Amino acid sequence: MASVLSEISVDCTNPMLLARFWCEVLDFKVQEEEVGLVTIGAPDENSATIVLTFAQVPEPKLGKNRLHLDVRPHGTAQQQEVDRLLSLGASYTDVGQDEDVSWVVLADPEGNEFCVLAGAI
C-alpha cells in the first residue's frame, strides 16, 4: 500500500496574503482559516485534489526553496499566464536557470519560487 499526497504546507509570514495569491493562481478557494493558518483547495471540496496550507512562522524566507511548485497554463499561452501572475503580485526570480529553458521562474509575494511550464493544457 502506498501513501497519497494530500497537502502541501508552506511556511510564511502572512498566510492570508499567500492564500489569496494562490487562490487566484489556481482558481482555488479558502477552505479553512484560523489564526496563523489558512488552507485552500479546489472549489469542489469533494474533488481529489491537493490542498495548500499556509502556516505563519516568525522567521523570513532565507534562500532558495528546496521544494517548489510548477504550474502549467490552462487554455492560454505561457507568456499570457506569466503576465497574469505578475499582475497578481508574482515577480521574476533567478535560481540559476539557464537562459534557454522552457519554463519561467517566478516568486510569489513572499519570495517562494515556482515555475510556469510551457504548453497549455
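A: Lys and Arg count as positive, Asp and Glu as negative, while His and the chain ends are left out. Each charge is placed at NZ of Lys, CZ of Arg, CG of Asp or CD of Glu. The chain has 7 positive and 20 negative charges, and their mean positions lie 1 Å apart. This is a predicted model: local features need pLDDT of at least 70, side-chain atom pairs need 80 or more, and totals for chains, interfaces and linings use all residues. Residues are numbered from 1 along each chain as its sequence is written, and side-chain values use heavy atoms, without hydrogens or water.

Now the whole chain. The C-alpha trace spans about 40 × 35 × 35 Å along its principal axes. Of the 121 residues, 34% are buried (under 20% relative accessible area with a 1.4 Å probe, protein chains only; exposed is over 50%, partly exposed in between).

Next, the rings. The whole structure holds three aromatic pairs (Phe, Tyr or Trp rings, six-membered for Trp, with centres within 6.5 Å; planes under 30 degrees apart are stacked, over 60 edge-to-face, the rest tilted). Take Phe21 and Trp22. Their ring centres are 5.3 Å apart and their planes meet at 90°, so this pair is edge-to-face. Phe21 is buried, because its relative accessible area is 4%. Trp22 is buried too, with a value of 3%. Phe114 joins them: ring pairs link Phe21, Trp22 and Phe114 into a cluster.
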